[in-house]
Amino acid sequence: DRNSIQHLFTGIRKNEQAETGAGSKRKILAGMIVYGRLPLFTSRLDVSLKKRGQQIISPKKESFTIEKDNNLCQTFPVKPFSLLPYLHELDRSGVQFGIIDLTGQRVGRKDMADIGERLKNPKKQAGLSTFNYLGELI
């Protein structure tokens, strides 16, 4: 959530200042994934073949899929999450760069145009989760 991120990056800044002195430039850039379809669960246990690739609906009506790759079973949200509306807030917290992770997604022109539009107009984010960034579970 946002409080945890602020505490984390405040701690990173304090450690760097203690090591390099106040006003010194940061040696290591600090960033995080701000958009993507990240696995919510990873297991080495094999999941039933019937479940793989199918959508699973949570009690909150969220859609997930189970995928197997490199001997790992992973549960992914069907839709990516997005912290793009909060880039300025993350910047103030000390996040120096954001990563748009498109791993495991089929990305076409329409998808890239949508991501570009979300970057241009961060307030227009309908339909995507922030997971627990706002202090609420998915």
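Visitor: Is P85 buried or exposed?

Guide: Buried means under 20% relative accessible area, exposed over 50%, partly exposed in between (1.4 Å probe, protein chains only). P85 counts as buried because its relative accessibility is 18%. This is a predicted model, where local features need pLDDT of at least 70, side-chain atom pairs count only at pLDDT 80 or more, and totals for chains, interfaces and linings use all residues. Residues are numbered from 1 along each chain as its sequence is written, and side-chain values use heavy atoms, with hydrogens and water left out.

Visitor: Where is P85 found?

Guide: Helices (H or I, at least four residues) and strands (E, at least two) are DSSP runs, numbered from the N terminus. P85 lies in the loop between β6 and α2 (87–93). Its C-alpha atom is 8.2 Å from that of L119, 34 residues apart along the chain.

Visitor: What order do the strands of the open sheet have?

Guide: Two strands pair if DSSP finds at least two bridges between them. Here the order is β6-β1-β7, with mixed pairing. The edge strands, β6 (81–82) and β7 (97–101), each pair on one side only. β1 (residues 31–36) and β6 run antiparallel, joined by two bridges. G36 stands opposite F81 in β6.

Visitor: How many residues has the largest nonpolar core?

Guide: Such a core is a set of buried Ala, Val, Leu, Ile, Met, Phe, Trp, Tyr and Cys residues joined through side-chain atoms within 4.5 Å. The largest has 16 residues. β1 gives the most to this core, with three residues.

Visitor: Which residues is V34 in contact with, leaving aside neighbours within four places in sequence?

Guide: Contact means heavy atoms within 4.5 Å. Among the partners of V34 are F81, L83, L90 and I99.
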